[in-house]
Amino acid sequence: MSSPVIVLVGPMGVGKSTVGRLLAERLGTGYRDTDDDIVAGEGRSIADIFVDEGEDAFRAIEKRAVRTALAEHDGVLALGGGAILDADTRALLAGRRVVYLSMDVEEAVRRTGLGTARPLLAVNPRKQWRALMEARRHLYEEVATAVVPTDGRTPDEVTEAALDALELKEA
Ligand SMILES: Nc1ncnc2c1ncn2[C@@H]1O[C@H](COP(=O)(O)OP(=O)(O)OP(=O)(O)O)[C@@H](O)[C@H]1O
Ligand SMILES: O=C(O)C1=C[C@@H](O)[C@@H](O)[C@H](O)C1
Ligand SMILES: [Mg+2]
């Protein structure tokens with residue numbers, strides 16, 4: 001059974017995909033993203049799953065996708081922004097190298113914009129983002145081995161900071 005070398009968690013748009021790919025390159029390994037697994041497995045977008053079946057159904061699909069990816073993937077794995085809401089998922093993360101990429105609300109609005117691809121931020125993104133973080137910040141911190149702030153840092157700088165925080169050597 002495999003285990004990811006790094007698991008990335010954090011809110012929508014914080015840079016999990018961007019930094020995840022850079023980390024994978026630096027470590028000479030693969031990158032995987034549970035949101036992409038869900039879209040591929042379901043054959044429709046995450047926004048469509050939310051609209052068609054609602055958030056609870058999406059969370060059930062996500063929980064299975066995370067469990068599978070944690071068991072199969074040995075590279076860098078990024079989880080969807082809300083995956084840590086599930087207590088079983090948080091328990092599965094115990095003892096693994098988990099990096100929480102963080103940012104403040106203004107950076108979040110800059111990075112996610114006002115697009116509809118992120119259903120949870122579709123209406124009043126600034127207020128929604130604050131509310132999501134109130135509910136989730138402690139959960140991200142609970143599962144994290146290292147917290148890496150991304151505000152004012154380039155993706156390369158974030159990557160470097162994550163490798164330093166985990167004391168990981170490159171391939
Ligand atoms: N350190 C950074 N500084 C500035 N912009 C960044 C940084 N990291 C990522 N970005 C930009 O922010 C946006 C979101 O990044 P990315 O898609 O990697 O985030 P994410 O956490 O994977 O988001 P999600 O999975 O919710 O779509 C992209 O436009 C990306 O180019
Ligand atoms: O923060 C969240 O709840 C989400 C984040 C995205 O990665 C997707 O998993 C989905 O849009 C829900
Ligand atoms: Mg992503």
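View 1. G41 has 13 C-beta neighbours inside 10 Å, so it counts as partly exposed. The cut-offs explain the label: a residue is buried at 20 or more such neighbours and exposed at 12 or fewer. The model shown here, as in every view, is predicted. G41 lies in helix α2. G41 and G80 are 39 residues apart in sequence. In space, their C-alpha atoms are 15 Å apart.

**View 2. The buried face of helix α2.** Helix α2 covers residues 34–42. Which of its residues are buried? They are T34, D37 and I38. Seen down the axis of α2, these buried residues fall within an arc of 100°, so they line one face of the helix. An α-helix has 3.6 residues a turn, so residues three or four places apart point the same way. After α2 comes G43. The phi of G43 is positive, near 70°.

**View 3. The crossing of α3 and α4.** The axes of these two helices, α3 and α4, come within 7 Å. They cross at roughly 130°. From α3, the contact is made by I49, F50 and E53. From α4, it is made by E55, A57, F58 and I61. How do the contact residues divide by type? There are 5 nonpolar and 2 charged residues, with no polar ones.

**View 4. The shell around ligand 1.** There are 15 residues around ligand 1. Which of them come nearest? They are M12, G15, K16, S17 and T18. Two helices, α1 (16–27) and α8 (155–166), each supply at least two residues of the shell. Of the elements, α1 gives the most, with 3 residues. By type, the shell divides into 7 polar, 4 nonpolar and 4 charged residues.

**View 5. E167, a positive phi outside glycine.** E167 is found in the segment after α8. Its phi is positive, about 55°, although E167 is not a glycine. Is E167 buried or exposed? E167 has 8 other C-beta atoms within 10 Å, so it is exposed. The cut-off for that class is 12 or fewer.

Notes: Residues numbered from 1 in each chain as written. Chains lettered and ligands numbered in written order. Predicted model: local features only at pLDDT ≥ 70, side-chain atom pairs only at ≥ 80, totals over all residues. Near = placed C-beta within 6 Å. Helix = DSSP H or I, 4+ residues; strand = E, 2+ residues; numbered from the N terminus. Nonpolar A, V, L, I, M, F, W, Y, C, P; charged D, E, K, R; others polar. Arc of directions from axis to C-beta. Axes fitted to C-alpha atoms, helices over the stretch in contact; angles between N-to-C directions. Contact = placed C-beta atoms within 7 Å.
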